[in-house]
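Have the sequence and the 3D view open while you read.

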Amino acid sequence: MPFELLLPDEMAACDRRAIATGPFDGYQFMQRAGAAVAAIVLERFPAASRVDVLCGPGNNGGDGYVVAELLRRSGVDVAVYAEGPPRDGSDAALAAADCKVWPQPLAAFAPSAGGLVVDAVYGAGLARPVGGAARRAMESVRTAGVPVVAVDLPSGVSGATGEILGETFQAAVTVTFVRKKPGHLLQPGRTACGEVVVADIGIGEDIVAAAGATCFENGPELWKSRFPRPAVDSHKYSRGHVAVFSGAASATGAARLSALAAARAGAGAVTLLSPSEALAANAAHLTSIMLRKADTREEALAFFADRRPAAFVYGPGLDASAETGRLLFELIDRLPRPLPAVVDASALTSLAAEPGLLAGPFGGRAADLVITPHEGEFGRLFPDLRKIPSKLERARRAADRVEATVVYKGPDTVIAAPDGRAAINANGTPWLATAGSGDVLSGIVAGFLAQGMPGFEAACAGVWIHAEAARRFGPGLIAEDIPGELPAVLRDLLD
Ligand SMILES: NC(=O)C1=CN([C@@H]2O[C@H](COP(=O)(O)OP(=O)(O)OC[C@H]3O[C@@H](n4cnc5c(N)ncnc54)[C@H](OP(=O)(O)O)[C@@H]3O)[C@@H](O)[C@H]2O)[C@@H](O)CC1
Ligand SMILES: Nc1ncnc2c1ncn2[C@@H]1O[C@H](COP(=O)(O)OP(=O)(O)O)[C@@H](O)[C@H]1O
Ligand SMILES: [K+]
C-alpha cells in the first residue's frame with residue numbers, strides 16, 4: 001500500500017511534472033479524477049434518486065463538471081450548482097463547456113430528500129475560510145442529513161493541516177487522487193472525510209517518488225524492514241534488556257504497565273528500578289519482570305554499569321517535580337554509554353517545570369531518545385508552538401528542537417523524527433482513552449528500541465501496534481489488557 005502523504009505543494013509539483021512528461025495533459029487528469037468519483041457514486045449510492053453536484057470556481061469544480069456529465073450519461077437525474085464560472089482557459093472551463101447539465105447558482109441549491117450531494121466546491125486550493133453560499137449549502141445539507149461524496153477533500157478542510165476553515169461538509173466518502181494528504185488523517189479533517197478512497201489517475205510512482213515526501217501514513221510498510229525477530233541463537237539479554245523506573249509506593253502501577261508491555265514487545269529481560277519503599281508493592285505484582293532497588297542516582301547508575309540494559313523508560317508514575325527532570329539529565333550524562341530511552345508522563349511535566357531544561361538538543365545526549373507527550377504535556381513543553389495550526393508542523397518543530405523523536409499522542413498521533421521524517425497514525429481507537437494506556441505505549445516503544453530498532457521506526461511501530469492491539473480488544477479495554485493482545489498482533493506481523 002502506498003503510504004506517502006503529499007502536502008498540497010508536493011501534490012501540485014507531481015501534477016506539473018506529470019503534465020510536463022506526458023502522456024496526459026491537465027484536462028485528461030481532470031477527466032480521470034472525475035471518472036473515479038463518478039464510479040464511486042454509482043457503486044456506493046445506486047439508489048440515490050438525484051445527485052446534486054456543487055462546483056467551485058477552480059479545478060475542484062472542474063472535477064465536479066466531469067462527474068456531472070458522466071452521471072448524466074449514465075442516466076442519473078443530476079443537477080449542477082456553481083459558485084461562479086471557472087476561469088477562462090482553465091481545465092475547469094473545458095470541463096464546464098463539455099458538461100451538458102446547465103449550472104444553476106449555488107445560492108439556489110436546496111438538498112433533496114433521497115438525494116446525494118457531490119462536493120466539488122474547494123479542494124487543494126482552499127485559500128480562506130468558507131463563507132457565503134458555500135457555507136449555507138453546508139448548513140442545509142447537514143440539517144437535511146443528505147449523504148455527501150467529497151471530491152479530493154470535504155470543502156473547508158485544509159489538506160495540509162486537517163483544520164476546518166470556516167465550515168465543511170460531513171462526507172460519507174471522500175475520493176482523493178494519487179495519495180492521501182495530511183488533512184485526510186489529522187483531526188478534525190479526518191472525521192469530516194468519512195471513508196477515504198485513493199484513486200489512481202495515472203500519475204506514476206516515479207513522479208510521486210520525485211516529490212520527495214517526508215510524511216507518511218503510519219503502518220507496517222514504514223518499519224517492517226527494521227522489525228525485530230529473535231535469531232536462532234538469541235539469549236534473553238541479546239534480545240534486549242529494558243530498565244523501567246518505578247514511582248513511589250502509591251504510584252507503582254504505571255511503571256509495571258510499561259515493564260510488562262516492554263516484555264511482551266519482545267525485550268528478553270525487563271528490570272523495574274524501584275525506590276525501597278515501593279519494593280514490596282512491586283514485588284507483590286511481578287513475576288517475569290525483575291526488580292532492583294534504586295533509591296539514588298548512584299544506585300541507578302550502578303545498575304546500568306552492572307546489568308547494561310539496552311534501553312530505559314523514564315516517567316510513568318514518577319513525581320512531576322523539577323527534581324525528576326534533573327535526575328534524568330544527571331543519569332543520561334553519567335551513563336557508561338549513550339542509551340536509547342523513552343521519556344514520558346510526569347518526566348515530561350517535570351522537564352517543563354524548569355524552563356530551559358528542554359531548550360537545547362536534549363536528544364543529542366541519548367543514543368535514540370523518544371518523548372511521548374499527550375496534548376497537555378506537549379503544550380507545557382513547547383508553549384510557543386501551540387499557536388501553529390498544524391499538529392504535524394508542531395510535532396516536526398518539536399523534534400527538530402529537542403533532537404529526539406516526538407510521539408505527539410491523541411486520536412491522530414503524529415510521530416516526528418529530528419531528521420524531518422514524520423508519520424501520522426490512523427488506526428487509533430477511542431477505546432485507548434483509558435488511564436495507563438500511554439504507559440503501555442512507552443513500554444512497547446522501549447521494547448523495540450532495546451531490540452535495536454532506531455527511534456523513529458520503534459516509535460512508529462509502537463504506536464501502530466499499540467492501537468492495533470486496542471482495536472482487537474475493543475469495548476471494555478483497560479490498560480492491563482493491551483500487553484495481552486500484543487502476541488496476536490506480533491504473530492500476524494511476523495508470519
Ligand atoms: N493531481 C491532482 O492533484 C489533480 C487535482 N485535481 C483537482 O484540482 C483541485 C485543485 O484545484 P485548484 O488548485 O484550482 O483549487 P480549488 O480547490 O478548486 O480552489 C481554488 C479556487 O477556489 C477559490 N477559493 C478557495 N477557497 C475559497 C473560499 N474559502 N471561498 C471562496 N473561494 C475560494 C479560489 O479563489 P481565489 O483564491 O483564486 O480567489 C480558486 O478560484 C484538487 O482539489 C482536485 O480536485 C484534478 O482535477 C486532477 C488532478
Ligand atoms: N480518542 C482517542 N483515539 C485514539 N487514541 C487515543 C484516544 N485517546 C487517547 N488515545 C491514545 O491513548 C494513549 C493515552 O496516553 P496518555 O494520554 O499518556 O494516557 P495515560 O497517561 O493515562 O497513560 C495514547 O497512545 C493516545 O494516543
Ligand atoms: K471538495
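Two residues are in contact, or touch, if their C-beta atoms, placed from the backbone, lie within 7 Å. This is a predicted model, in which local features need pLDDT of at least 70, side-chain atom pairs count only at pLDDT 80 or more, and totals for chains, interfaces and linings use all residues. Residues are numbered from 1 along each chain as its sequence is written, while chains are lettered from A and ligands numbered from 1 in the order in which they are written.

Q: Which residues does Ser155 touch, not counting residues up to four places away in sequence?
A: Ser155 lies in the loop between strand E6 (148-151) and strand E7 (173-177). Helices (H or I, at least four residues) and strands (E, at least two) are DSSP runs, numbered from the N terminus. Leaving out residues up to four places away in sequence, Ser155 touches Asp119, Val121, Tyr122, Val130, Ala134, Thr168 and Phe169.

Q: Is Ser155 buried or exposed?
A: A residue is buried if 20 or more other C-beta atoms lie within 10 Å of its own, exposed if 12 or fewer, and partly exposed in between, with C-beta atoms placed from the backbone. Ser155 has 32 other C-beta atoms within 10 Å, so Ser155 is buried.

Q: What is the largest C-alpha distance among the residues that UniProt lists for "binding site"?
A: The unreviewed UniProt entry lists Asn60, Asp119 and Ser155 under that name. They are spread over 96 residues of sequence but cluster in space, with a largest C-alpha distance of 9.3 Å. UniProt positions are given in the numbering used here, feature names are shortened, and annotations may be inferred rather than shown by experiment. The value asked for is 9.3 Å.

Q: Why does Asn60 count as buried?
A: Asn60 lies in helix H3 (residues 59-73). Not counting residues up to four places away in sequence, Asn60 touches residues including Ala120, Val121 and Tyr122. Asn60 is buried because the number of other C-beta atoms within 10 Å is 25.

Q: Which element gives the most to the shell around ligand 1?
A: A residue is near a molecule or strand if its C-beta atom, placed from the backbone, lies within 6 Å of it. Of the 27 residues around ligand 1, Gly58, Asn59, Asn60, Gly123 and Gly125 come nearest. The elements giving two or more residues to this shell are helix H1 (8-21), helix H2 (26-44) and H3. With 5 residues, the element that gives the most is H3.

Q: How many residues of the shell around ligand 2 are charged?
A: Ligand 2 is surrounded by 17 residues, and the closest are Lys409, Gly428, Leu432, Ala433 and Gly438. The largest share, 4 residues, comes from helix H17 (residues 437-450). Ala, Val, Leu, Ile, Met, Phe, Trp, Tyr, Cys and Pro count as nonpolar, Asp, Glu, Lys and Arg as charged, and the others, Gly among them, as polar. The shell around ligand 2 divides into 7 nonpolar, 8 polar and, as the number asked for, 2 charged.

Q: How many residues of domain 2 take part in the contact with domain 1?
A: The domain assignment, automatic or from a database, gives domain 1 (4-213) and domain 2 (220-494). Their centres, taken over C-alpha atoms, are separated by 41 Å. The contact takes 9 residues from domain 1 and, from domain 2, 8 residues.

Q: How many of the 12 residues of H16 are buried?
A: Helix H16 (residues 391-402) reaches 17 Å from its first C-alpha to its last, close to the expected 16 Å. The expected span is 1.5 Å times one less than the number of residues. What covers the buried residues of H16 includes strand E16 (405-408) and strand E17 (414-416). H16 is largely enclosed by the rest of the structure, because the number of its 12 residues that are buried is 9.

Q: Is Arg308 buried or partly exposed?
A: Arg308 lies in the loop between helix H12 (297-307) and strand E13 (311-314). Its phi is near 45°, a positive value in a residue other than glycine. Arg308 has 13 other C-beta atoms within 10 Å, so Arg308 is partly exposed.
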